[in-house]
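Please look over the sequence and the model shown here before reading the notes on selected local features.

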Amino acid sequence: MQRTHQLVVASAFSAALVAACLVSPERGESATPNGAKLYALHCAVCHGPNGAGDGQAASLLLPPPRDFTRAEFRLVSTVNHAPSQADLVATLRRGIPGSAMPAWSWMNAAELDALATHVRTLARDGLAQRELALAQAEGAKIDLAQARARADERLAPGEPVDVPRPQPAIGEVERLGRESYLRHCAACHGSEGRGEQIGPERNPDGSPNWARDFTAGFVKGGASHRALATRLVTGMPGTTMPSFAALPADELEALATYVSGLVAVDADRWLVHRQTTLVARRAAGPAPTSASDERWGAAAEIDVVLAPLAWRNDALLSAKLSALHDGESLALRVRWRDATRDEGSIDPAERRDGAALAFSNESAPPLFGMGASSHPVNLWHWRSQRLIDRAGVLDLLDAQPHALGLSTQRHELSDVRPHYLPAPSEPVAGGQIAELSAESFEAMRELGQSGRAVAASARWEAGEWSVVFVRELAPRTANEVDLRLGRSVLVALALWDGAGGDVGGHKSFSIWQKLSVE
């Protein structure tokens with residue numbers, strides 16, 4: 001494969017489908033998880049090796065990843081704004097909806113605790129370096145050990161704040177709560193809680209800060225009354241969100257109650273990443289290759305939460321994933337709501353809709369990982385493309401459907417064709433399919449040595465895309481994911497919305513889901 005092809009594909013899957021190039025340790029291999037190794041494996045790609053927010057994927061993320069070396073933590077519950085261990089673990093477990101920070105709830109308690117401890121260490125070390133530089137600039141004599149002692153003191157959690165109690169949202173409580181909200185919150189969050197300000201505010205460090213749309217459920221620290229009340233008391237350190245701890249107790253309780261009532265019911269269920277298990281049942285007859293096959297009605301289907309790398313409220317935030325097999329091949333169907341059908345031509349820069357699945361046989365691979373040279377992940381990538389010529393449906397069996405628009409030459413590639421299954425009985429939805437082995441950011445190569453690798457068919461109807469991927473259960477090469485019964489398989493999902501501006505590395509993504517072939 002040409003290097004230009006490698007770079008384009010690497011860009012398309014980077015950030016959400018990337019992670020540090022380290023081999024994942026087997027879960028449970030050690031009674032004491034190593035926080036530094038967990039961080040390097042799962043977090044450094046965004047937050048950087050030293051926690052400075054300068055990871056390889058940082059440029060694609062909006063809001064940008066947190067710079068831990070500034071020792072400013074937004075989601076705290078203490079009077080001195082130093083995070084408790086419980087604060088850090090809660091943030092890791094839930095993630096931060098409204099950003100690309102996913103939930104890590106699939107980790108066990110010991111792993112989350114170890115990871116939180118390492119994040120605090122990075123913050124301590126970063127703060128110590130700042131203390132040392134400031135002292136030296138002022139002519140003070142201080143060594144690194146003393147600077148670290150000062151940083152440890154600064155990061156030692158204080159007493160927990162008093163949290164306003166929930167009140168019945170009626171009568172005087174409702175009146176006082178709305179009055180307080182209009183006076184203190186509406187300028188940023190809008191009179192109805194929809195975050196209707198024009199453009200983002202700027203935090204003291206220059207990073208953007210959008211007022212949250214409470215009605216859509218976009219709240220960073222949780223949608224419960226206690227979580228929202230804590231934010232009102234502590235504010236969000238390092239941002240434009242102030243503390244309202246000075247308000248009279250009755251007003252603070254009423255305000256917390258009123259804001260809680262604005263948040264969408266069950267918001268966490270459809271905004272917080274969660275890992276579930278998709279069961280692939282055995283189909284009657286061959287595995288379905290069409291999105292409209294009636295047998296999909298008997299397939300197990302899971303809801304998959306997604307988040308955009310560059311946040312916008314109208315991004316693709318959910319999809320449905322189902323699976324069937326026939327003992328020889330596996331079919332996976334991805335469907336999602338999309339009001340516009342965005343199909344490109346041969347121009348690779350043209351915005352179009354797309355879907356990708358990432359697979360790994362590792363038990364705990366780098367999240368959305370690009371894997372490592374010894375343990376690469378597999379990527380199946382479909383992109384919509386106009387495929388109607390004067391004769392009707394364009395026959396791709398002798399074309400180059402895997403090339404992602406980089407070549408218009410029509411010639412045979414016997415090791416990969418055909419990757420595309422025409423679906424003339426359905427509303428025509430063409431596209432391109434590539435099966436890739438991902439080993440690092442730029443080490444991308446196509447799989448396939450003989451015969452068909454991955455096939456795909458797609459349809460768009462009534463504002464919904466459905467894309468079906470099909471591949472044999474057994475791998476043909478050592479680098480292909482093994483999908484056979486009894487194998488441990490993880491699958492992650494990424495979607496591109498052409499109308500929303502998704503192109504290349506900008507997309508919506510999920511965390512790893514478990515796949516069980518029965």
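The notes below cover a helix pair, a loop with some backbone features, and a residue in a strand.

This is a predicted model, in which local features need pLDDT of at least 70 and side-chain atom pairs count only at pLDDT 80 or more, whereas totals for chains, interfaces and linings use all residues. Residues are numbered from 1 along each chain as its sequence is written, and side-chain values use heavy atoms, with hydrogens and water left out. Helices (H or I, at least four residues) and strands (E, at least two) are DSSP runs, numbered from the N terminus.

**Helix pair α4 and α5**

- Two packed helices are described by the angle between their axes and the distance between the axes.
- Helix α4 spans residues 85–94 and helix α5 residues 109–137, and their axes come within 9 Å and cross at roughly 115°; the axes are lines fitted to C-alpha atoms over the stretch in contact, with angles running from 0 to 180 degrees between N-to-C directions.
- That angle makes α4 roughly perpendicular to α5, a class that covers 65 to 115 degrees, while angles under 35 count as roughly parallel, over 145 as roughly antiparallel and the rest as oblique.
- On the α4 side, the contact (heavy atoms within 4.5 Å) is made by Gln85, Leu88, Val89, Leu92 and Arg93, and on the α5 side by Leu112, Asp113, Leu115, Ala116, Thr117 and Arg120.
- By class, the contact of α4 with α5 has six nonpolar, two polar and three charged residues, where Ala, Val, Leu, Ile, Met, Phe, Trp, Tyr, Cys and Pro count as nonpolar, Asp, Glu, Lys and Arg as charged, and the others, Gly among them, as polar.

**Loop between α3 and α4**

- Pro63 is found in the loop between α3 (44–47) and α4, and a cis peptide bond with omega of about 0° joins Leu62 to Pro63.
- Ala71, which lies in the loop between α3 and α4, has a positive phi of about 55° although it is not a glycine; at 5% relative accessibility, Ala71 counts as buried, the term for under 20% relative accessible area, with exposed meaning over 50% and partly exposed in between (1.4 Å probe, protein chains only).
- His81, also in the loop between α3 and α4, is a residue other than glycine with a positive phi, near 65°, and His81 is partly exposed, with a relative accessible area of 28%.

**Ser457 in strand β14**

- Ser457 is placed in strand β14, residues 455–461, and counts as buried because its relative accessibility is 2%.
- The side chain of Ser457 reaches the backbone oxygen of Thr289 at 2.4 Å.

Terms used: A polar contact is a pair of N or O atoms within 3.5 Å; within protein, one must be able to donate a hydrogen and the other to accept it, and residues adjacent in sequence count only if both atoms are side-chain atoms.
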